[in-house]
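Hi everyone, thanks for coming. Let me put the structure up, and then we'll walk through a few bits of it.

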Amino acid sequence: MKTELKGLSLGLALSLTAGAAEAEGTLALYNWGDYINPEILQKFTEETGIAVTLDTYSSNEEMLAKIQAGATGYDIVFPSVHMNDIMLKLGLLEKTGINEAPEFANIDPANLRSKEDPASEYCLPYAWGTVGIFYNEKVTGPIAGWDDFFAIPEKTGGKITLLDDMREVLAIGLIMTGASVNSADPAEVQAATDYILAHKGGVSAFTYESMPMLTSGDIAAAHFFVGGNVFFVDMPDVKYIIPAEGGTMYQENICVLASAPNKENARKFMEFYLKPEIAALNVAQQFNGTANVPARDLVPDFIKNNPSITVGAETLTRLHIFEDIAGALKFYDRAWNTIRTAQ
């Protein structure tokens, strides 16, 4: 789940350093907002004496821009796998040899998705999930996919939102026009742009803040990450689907920055996260998948048995994962600017 929790870092830093008078140094994490269970960080500090701080970001691009602008002091970042590849090409990541750790055997080979780091010599597969549609069925009635989603405003008067995310929004257009979400063809990117523009009139906002809006009833449906399920445990009318026409999946990896001041502590954290009970602890709070195979047997049944969270083989065939699009990024940037500024 990539929900944003910007005020977390200070309070978390204070809570994790309290009582750590014998701290064995520090560790600074830079992660997606509200994307790691604080209990994991507490347990890490208790076990190692290493005091942990956490700052958060809301997109891969925000994180990369900050690192490239010279932000220092961070040890670990959690990029999506395509951003993992971009950062490796830019020389921003440290080779950790985490694949030589004994418990690396817990990692599912299917999650070794990095094109630039296929053996995980640098980064550790961390978590994966899907991006789909949350909707209040009491307002919208049953829906199955993107066509139904975009029809909500006209059919029911309910409001809908899209993520404020270039790749995720354009991916909808690419999927719905029959192209790859990693297309480098300007004509295909233009067709995807036209599809989104044709439906933009019904979109109330591009935002990462849609879960509180759906909870309060201000919107009827939202394009969002599967981890949003955490908000609706006690709201059975709010449901999550992976669109019938197809959707995206993401994978985040734990990576150590080349500029990290605490590389040894960062490696200790990666090894700590290889423990099945630790990986499972994150799944229990985040409602997403884990690359740690033994951990999958430790997650709560309501997550394990939910086919929209623990997806089956058929559903996987409808999911697309982003790759580094290199020079084609300029087409996407132009398309996104057009989408965001069009009246």
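So, the lining of the largest pocket: its residues split into 8 nonpolar, 5 polar and 4 charged. Here Ala, Val, Leu, Ile, Met, Phe, Trp, Tyr, Cys and Pro count as nonpolar, Asp, Glu, Lys and Arg as charged, and the others, Gly among them, as polar. Quick note: this is a predicted model, where local features need pLDDT of at least 70, side-chain atom pairs need 80 or more, and totals for chains, interfaces and linings use all residues. Residues are numbered from 1 along each chain as its sequence is written, and side-chain values use heavy atoms, with hydrogens and water left out.

Which residues lie nearest the centre of that pocket? They're Trp128, Gly289, Thr290, Arg296 and Thr310, out of 17 lining residues.

Now, helices. Those are DSSP runs of H or I, at least four residues, numbered from the N terminus. Helix α8 (residues 186-199) packs on helix α14 (residues 329-341) at about 15°, axes 10 Å apart. Axes are lines fitted to C-alpha atoms over the stretch in contact, with angles from 0 to 180 degrees between N-to-C directions. Therefore α8 and α14 are roughly parallel to each other, a label for angles under 35 degrees.

What makes the contact? From α8 it's Pro186, Val189, Thr193, Ile196 and Leu197, and from α14 it's Phe331, Tyr332, Ala335, Thr338 and Ile339, where contact means heavy atoms within 4.5 Å. That set divides into 8 nonpolar, 2 polar and no charged.

Last one: helix α2 (residues 38-48) and helix α10 (residues 263-273) cross at roughly 120°, their axes coming within 11 Å.

How values were computed:
Helix = DSSP H or I, 4+ residues; strand = E, 2+ residues; numbered from the N terminus. Parallel < 35°, antiparallel > 145°, perpendicular 65-115°, else oblique. 1 Å grid on protein atoms, 1.4 Å probe; cavity = no way out; pocket = protein on both sides within 12 Å on 5 of 7 lines; lining within 4 Å.
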